[in-house]
Amino acid sequence: LVAFLLLCAMLVVPAFAHDLFLKLDSFFVPANSKVTVSILNGSFLASEAAVNFARLKDVSVVSPSGVRTSPRETDFTKNETTSFLNLETKEAGTYVVGLSTLPREIDLEGKDFNEYLEHDGIPDTLAERKKKNELGKKVRERYSKHVKTIFQAGDAQTENYKTALGYPVELVPQANPYKLKAGDTIGVLCLKDGKPLVNQYVMSGREADGKVVAESNVRTDRKGIARIKLGASGKWYVRFINMTRLSDPKLNYESKWATLTFEIK
């Protein structure tokens with residue numbers, strides 16, 4: 001019981017301190033092979049706390065033939081900082097893996113909340129707080145995270161890359177990343193409750209030489225599509241946080257986080 005409470009305490013951290021990403025050592029794997037997907041609860045480079053299976057509302061794998069399955073708890077392992085999803089690629093093609101967490105609530109001082117809004121790409125909420133002279137106001141926030149990765153097994157590139165998993169927020173690429181190369185642009189549809197998010201602020205970046213290189217931040221168009229310039233090869237992420245103000249006197253905001261990861265040769 002004590003160990004369980006300690007684990008829960010590790011997971012109750014400021015929302016602005018932890019992104020959630022799915023990442024592979026290589027997004028290019030052989031068909032008919034065992035694959036490990038790291039669940040990075042921290043940054044695109046490292047995880048700071050392992051995510052408990054009980055925290056997950058959904059885990060899904062979409063095979064190249066479009067079959068969606070739900071891994072079991074026995075498919076997960078973890079160490080002190082990182083959880084891992086262990087899969088097997090029984091078909092050649094493009095795979096989609098998704099993970100959706102249950103919501104949690106957190107109290108934040110006004111200064112901490114403002115820094116989080118500025119650092120994590122939520123400028124509209126920060127501007128609203130400035131306009132309403134609320135920068136010093138404490139907040140209680142409900143947050144949840146909904147993440148996806150796309151990886152390639154063997155050489156066959158399949159059309160299931162654009163499968164929408166029905167998460168509260170979601171990023172859906174409009175082209176198969178494994179048909180693209182450095183210098184191309186990828187359109188990524190941003191959804192909330194299955195509907196396009198217009199003018200959503202979207203951030204992207206990539207890993208290079210053990211560091212994260214931030215790319216240009218963009219807004220979605222009237223169709224909810226963010227256009228990301230893939231300026232170099234490497235492991236890429238696309239992310240956004242959709243924040244809404246709530247009328248509940250005991251809860252001020254709700255944020256829904258989405259990330260998508262893939263690799264460009």
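Trainee: Let's start with R72: is this residue buried or exposed?

Mentor: R72 is exposed, because its relative accessible area is 59%; the cut-offs are under 20% for buried, over 50% for exposed, and partly exposed in between, with a 1.4 Å probe and protein chains only. Before we go on, this is a predicted model, in which local features need pLDDT of at least 70 and side-chain atom pairs need pLDDT 80 or more, while totals for chains, interfaces and linings use all residues. Residues are numbered from 1 along each chain as its sequence is written, and side-chain values use heavy atoms, leaving out hydrogens and water.

Trainee: What about T185, and which residues does T185 touch?

Mentor: T185 is part of strand β12 (residues 185–192). Its relative accessibility is 42%, so T185 is partly exposed. Contact here means heavy atoms within 4.5 Å. Not counting residues up to four places away in sequence, T185 touches R227, I228 and K229. T82, by comparison, is 103 residues from T185 in sequence and 32 Å away, C-alpha to C-alpha.

Trainee: Which side chain makes a polar contact with the side chain of D19?

Mentor: That partner is R239, at 3.2 Å. A polar contact is a pair of N or O atoms within 3.5 Å; within protein, one must be able to donate a hydrogen and the other to accept it, and residues adjacent in sequence count only if both atoms are side-chain atoms. For R142, 123 residues from D19 along the chain, the C-alpha separation from D19 is 15 Å.

Trainee: How accessible is E170, and what surrounds E170?

Mentor: E170 has a relative accessible area of 2%, so E170 is buried. Strand β11 (residues 169–173) contains E170. A polar atom of the E170 side chain lies 3.3 Å from the backbone nitrogen of Y167. Beyond four places in sequence, E170 touches K148, T163, A164, L165, L189, C190, L191, F240 and A258.

Trainee: Which residues touch the most other members of the largest nonpolar core?

Mentor: They are F151, L171, I228, L230, F240 and F262, in a core of 46 residues. A nonpolar core is a set of buried Ala, Val, Leu, Ile, Met, Phe, Trp, Tyr and Cys residues joined through side-chain atoms within 4.5 Å. Apart from that core lies another, of 13 residues, including I122, L126, V139 and I241.

Trainee: Which residues have a positive phi without being glycine?

Mentor: N133 has a phi near 55°, and D209 has a positive phi of about 55°. N133 is in the loop between α3 (123–131) and β10 (139–153), and D209 is in the loop between β14 (201–208) and β15 (211–214). N133 is exposed at 71% relative accessibility, and D209 is exposed with a relative accessible area of 81%.

Trainee: Last one: how do I describe the way helix α2 crosses α3?

Mentor: The axes of α2 (residues 110–119) and α3 come within 8 Å and cross at roughly 140°. That makes α2 oblique to α3, since angles under 35 degrees count as roughly parallel, over 145 as roughly antiparallel, 65 to 115 as roughly perpendicular, and the rest as oblique. On the α2 side, G110, F113, N114, L117 and E118 make the contact, and on the α3 side P123, T125, L126 and R129 do.

Notes: Helix = DSSP H or I, 4+ residues; strand = E, 2+ residues; numbered from the N terminus. Axes fitted to C-alpha atoms, helices over the stretch in contact; angles between N-to-C directions.
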